[in-house]
Amino acid sequence: MKKIDMRVLGIESSCDETAAAVVENGRVIQSSVIASQVDLHAQFGGVYPELASREHVKAINATVKEALQQAHMGLGDLDGIAVTRGPGLAGSLVVGVNLAKGLALSTDLPIVGVNHLEGHLYSAWLYQAGSKPSPEPKLPLLALLVSGGHTELVLMRDHLQYEVLGGTSDDAAGEAFDKVARLLELGYPGGPSIQKAAMQGNSRAFNFPVARLSEPWSFSFSGLKTAVLRTVEEFKSAHKTVPTADIAASFQAAVVRALFEKTIAAAREFKAREIIVAGGVSANKALREAFRSQTEFRVHIPHISLCTDNAAMIAAAGYRHFIADETSNLDFDVQANWSLAETA
Ligand SMILES: Nc1ncnc2c1ncn2[C@@H]1O[C@H](COP(=O)(O)OP(=O)(O)OP(=O)(O)O)[C@@H](O)[C@H]1O
Ligand SMILES: [Mg+2]
């Protein structure tokens with residue numbers, strides 16, 4: 001009989017966080033450790049790939065060790081290893097994948113290479129050991145995946161089934177936050193700094209446009225970014241102080257409106273039972289509030305600490321593969337470009 005009680009070690013190194021976690025049965029976080037490189041990359045205003053992989057090499061062993069220690073487990077207590085195979089920076093992915101393979105080889109544990117994006121989706125199933133279990137998302141569901149590199153509406157009719165309804169034709173939502181933060185001379189990463197500035201501003205001060213697209217489930221944020229740029233330039237050329245907080249608040253409101261309205265419309269259209277909002281931008285307070293204040297759908301949004309990259313979500317997705325009898329051979333390669341549609 002298939003084993004469904006499983007403790008999975010998750011390993012994540014796709015971008016600038018080195019992370020390891022132990023998750024039980026795809027839901028219960030026994031430990032989740034993240035070594036972030038954010039401060040290091042802040043001086044470049046973005047992730048510097050070669051530096052990122054070198055930092056992973058330095059941090060990964062200690063991170064995995066710490067995750068096992070915090071879970072009060074040794075390798076012998078585990079039932080499987082899940083590792084991010086892609087998408088991400090190839091040089092960074094290789095570090096996590098190689099360690100995971102080495103551990104699998106030495107322990108004989110099964111290993112599975114996970115798509116980072118399905119990890120973000122499965123973060124909605126997680127809760128901390130010892131705390132009240134969060135309600136389990138019910139399928140079929142509509143997922144809004146909003147991260148640094150992706151903005152997608154995904155229909156999940158079943159576990160591990162991803163129908164990508166639409167994506168972004170230009171910038172991802174997180175990328176738009178990062179670029180607008182740079183324009184406004186706010187800090188990196190842009191999402192949290194825009195959110196902070198927006199708290200002091202008026203979200204109705206500027207009526208920034210949200211693109212209307214012919215494809216019903218796609219997004220575009222480049223027009224919005226250009227509108228912000230134009231507004232900033234107008235103030236600068238008139239030698240006036242740029243009203244940073246008002247611009248940040250109005251920009252944030254426009255992004256939230258676009259994401260919220262399309263997600264609800266898609267959930268209705270495809271008769272989803274529930275909604276998931278996941279990925280780095282789902283940490284955004286205004287976005288969380290927009291979804292929380294409607295009552296039509298139950299919405300699952302991960303705890304803020306699980307919105308940005310972590311390894312618990314990789315272990316959670318890996319668990320679903322293991323119980324579906326899907327494992328990887330030890331010769332799998334990393335996949336720097338890998339869409340959810342190809343994963344299903
Ligand atoms: N509070 C917030 N409000 C808005 N955006 C946020 C917030 N916190 C983080 N973000 C954004 O989330 C993004 C990071 O998310 P995440 O770590 O999921 O992205 P990534 O892993 O780089 O990309 P991907 O998952 O698409 O490969 C950044 O663009 C950041 O600005
Ligand atoms: Mg991510």
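Start with the open sheet of 6 strands, whose order is β5-β4-β1-β2-β3-β6 with mixed pairing. Strands here are DSSP runs of E with at least two residues, helices are runs of H or I with at least four, and both are numbered from the N terminus. Two strands count as paired if DSSP finds at least two bridges between them.

Before going on, note that this is a predicted model: local features need pLDDT of at least 70, side-chain atom pairs count only at pLDDT 80 or more, and totals for chains, interfaces and linings use all residues. Residues are numbered from 1 along each chain as its sequence is written, while chains are lettered from A and ligands numbered from 1 in the order in which they are written.

**Stop 1**

Select β5 (111–115) and β6 (127–128). Both stand at the edges of the sheet with a single partner strand each, so one side of each has no neighbour in the sheet. For one of the pairs, pick Val28: its bridge partner in β6 is Tyr127. In general, strands of a sheet pair through backbone hydrogen bonds, either parallel or antiparallel.

**Stop 2**

Go to Gly86 and Pro87. The peptide bond from Gly86 to Pro87 is cis, with omega near -10°. Pro87 sits in the loop between β4 (80–86) and α3 (90–107).

Next, select Asp108, in the loop between α3 and β5.

Then move to Leu139 and Pro140. A cis peptide bond joins Leu139 and Pro140, with omega about -5°. Pro140 belongs to the loop between β6 and β7 (141–146).

**Stop 1: the 5-stranded sheet**

Select the strands of the other open sheet, which has 5 strands in the order β9-β8-β7-β10-β11 and mixed pairing. The edge strands are β9 (163–166) and β11 (298–300). Each has a single partner strand, so one side of each is left without a neighbour in the sheet. Neighbouring strands of this sheet are turned by 25° against each other on average, direction ignored.

Zoom in on β10 (residues 274–278) and β11, which pair in the parallel sense over 3 bridges. Ile275 has Val299 of β11 as its bridge partner.

**Stop 2**

Axes are lines fitted to C-alpha atoms, for helices over the stretch in contact, and angles run from 0 to 180 degrees between N-to-C directions. Angles under 35 degrees count as roughly parallel, over 145 as roughly antiparallel, 65 to 115 as roughly perpendicular and the rest as oblique. A crossing is left-handed if the near helix is turned anticlockwise from the far one by less than a right angle, and right-handed if clockwise.

- The crossing is right-handed.
- α6: its axis comes within 7 Å of that of α8, and the two cross at roughly 115°. α6 is therefore roughly perpendicular to α8. This crossing is left-handed.
- α7 (residues 222–237): the axes of α7 and α8 come within 11 Å and cross at roughly 165°. α7 and α8 are therefore roughly antiparallel. Their crossing is right-handed.

**Stop 3: ligand 1**

Finish at ligand 1. How many residues surround ligand 1? The shell has 24, the closest being Gly148, Gly149, Gly174, Gly191 and Gly280. A residue is near if its C-beta atom, placed from the backbone, lies within 6 Å. The elements giving two or more residues to this shell are α4 (116–122), α5 (173–183) and α6 (190–198).
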